[in-house]
Amino acid sequence: MEGDLQMVNVAIVGTGNISQAHIKSYLQFKDRCKIVALVDIYPEKAEEKKKRFGLVDADVYDDHKKILGRGDIDLVDICTPPYVHAEIAINSLNAGKNVLCEKPMGASLGECDAMIEASKRNNKLLSIIAQNRYRTAFMKLKKVLDSGIAGDVVHVQVDSLWWRGHNYYDLWWRGTWEKEGGGCTLNHAVHHIDMVAWMMGMPEEVQAVMSNTSHDNAEVEDISIAILKYKSGALGQITSSVVHHGEEQQVIFQCKNARISAPWKVYASTQKSNGFPERNEKLEREIQELYDSLPEAKYIGHAAQIDDVLNYFETGKKVLVSAQDGKNALELITAIYKSASERKPVKLPLLKDDPFYTVGGIQANVPHFYEKSKSIKNFDNENITLGREV
């Protein structure tokens, strides 16, 4: 395995808000990896990160193409706005680099397929950030669900509820279909949408509505609600929002035997002679004992996913989040946009001749709720929220 038990050299492309979580995570593994390059179209941002985090070995660049010829870079970590993910990933893969890319994977399914093809052609890793999978609560929930003890899923409820102020969309690349690629469904709920695709598989049909209720400086939605229909007959609902105070997020599985969720809660029912419910405390205890017996995650969030990627370099073990996983999440999001835009149910999978398969097709068919009215280069305050620990 390339890089086997050797230091993994990392280049971070894009040094905005989310890059801090990546940098802090790499610094937890100083004996296994080293940040050797920082790239940003605003190089002063990269210089600031270099100084703040003491990245003395990192060279600063203003264009990702300037690092492609460096033979010492093993991993390119992409933290840019979504509309350039595909270009940077494909260029890096073609230059013989492995790639870790922030969510969402790309701006369209066509871009995802091109990224996957470049990964396969060059025999290089392409993994997509889905750091919430690595949280203890979700790891345990997945294992309890897979055990079958709660029974088959009949309904899944996903609440990806966030709050962002009006000025959030003043940042130059946010709030447009061209550069951000979408609103809260794509850029906030993607983690929870990835979660339901990971735990449930892909649905066969999606029906959705979306609106912009509170951000008249953005073209994109600030809330969407989707209904999913699975081959098994199970239904799901996903609420994606940046207008919910309190930013409460949860994933609830109603199964035939019990309810389980993250944040963790278990409730089991059995029938009385008249069909009304009676609490099944014995099954609840069995499920709780299984949950409690499962191990805590050694690392959480971005650090856990980066540990997973470093394990790939060191052992060859497959990463938890593949490029196909990244595409699955985007396909479900694209189906939500297509359904909400066309006001009708959408069958999955989406095919290459679908108008929503390409960036141009998406932009030609989605509504512009408002036009972007302000554009600022950077925010002074870089403190961001990455979702609640559950």
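**Entry 1: the largest cavity**

I began with the kinds of residue around the largest cavity, and its lining holds nine nonpolar, two polar and three charged residues. In this count Ala, Val, Leu, Ile, Met, Phe, Trp, Tyr, Cys and Pro are nonpolar, Asp, Glu, Lys and Arg are charged, and the others, Gly among them, are polar. I noted that this is a predicted model, in which local features need pLDDT of at least 70 and side-chain atom pairs count only at pLDDT 80 or more, while totals for chains, interfaces and linings use all residues. Residues are numbered from 1 along each chain as its sequence is written, and side-chain values use heavy atoms, with hydrogens and water left out.

A cavity is a set of points on a 1 Å grid over the protein atoms alone where a 1.4 Å probe fits but cannot get out, and lining residues have an atom within 4 Å of a point. Grid points are joined across faces, edges and corners, and a volume is the space filled by probe spheres set on the points.

My search of the whole structure gave four cavities of 30 Å³ or more, and the largest of them holds about 90 Å³ of space. It is lined by 14 residues, and those nearest its centre are Lys103, Ile128, Ile129, Val190 and Ala329. Helix 7 (190–200) and helix 10 (323–342) are the elements that give two or more residues to this lining, and helix 10 has the largest share with four. Helices (H or I, at least four residues) and strands (E, at least two) are DSSP runs, numbered from the N terminus.

**Entry 2: the second largest cavity**

Which element gives the most to the lining of the second largest cavity? I found that it is helix 10, with four residues. This cavity has a volume of about 70 Å³, and its lining includes Gly106, Leu330, Tyr337 and Phe356. The lining divides into seven nonpolar, four polar and no charged residues.

I then followed the six strands, which form an open sheet in the order 3-2-1-4-5-6 with parallel pairing. Two strands pair if DSSP finds at least two bridges between them. Strand 3 (59–61) and strand 6 (126–128) are the edge strands, each pairing on one side only. Strand 2 (residues 33–39) is joined to strand 3 by three bridges, and Val39 stands opposite Tyr61 in strand 3.

Helix 2 (residues 43–52) packs on the sheet and touches strand 2 and strand 3, with its direction at about 160° to that of strand 3. Contact here means heavy atoms within 4.5 Å, and angles run from 0 to 180 degrees between N-to-C directions, with axes fitted as lines to C-alpha atoms, for helices over the stretch in contact.

**Entry 3: helix against helix**

How do helix 4 (residues 109–122) and helix 3 (residues 85–94) cross? Their axes come within 9 Å and cross at roughly 10°, which makes helix 3 roughly parallel to helix 4. Angles under 35 degrees count as roughly parallel, over 145 as roughly antiparallel, 65 to 115 as roughly perpendicular and the rest as oblique.

The axes of helix 4 and helix 10 come within 10 Å and cross at roughly 170°, and the two helices are therefore roughly antiparallel. In helix 4, Leu109, Cys112, Asp113 and Ile116 meet residues of helix 10, among them Lys327 and Leu330.

Technical notes: On a 1 Å grid over the protein atoms alone, a cavity is a set of points where a 1.4 Å probe fits but cannot get out, and a pocket is an open set with protein on both sides within 12 Å along at least five of seven lines; lining residues have an atom within 4 Å of a point.
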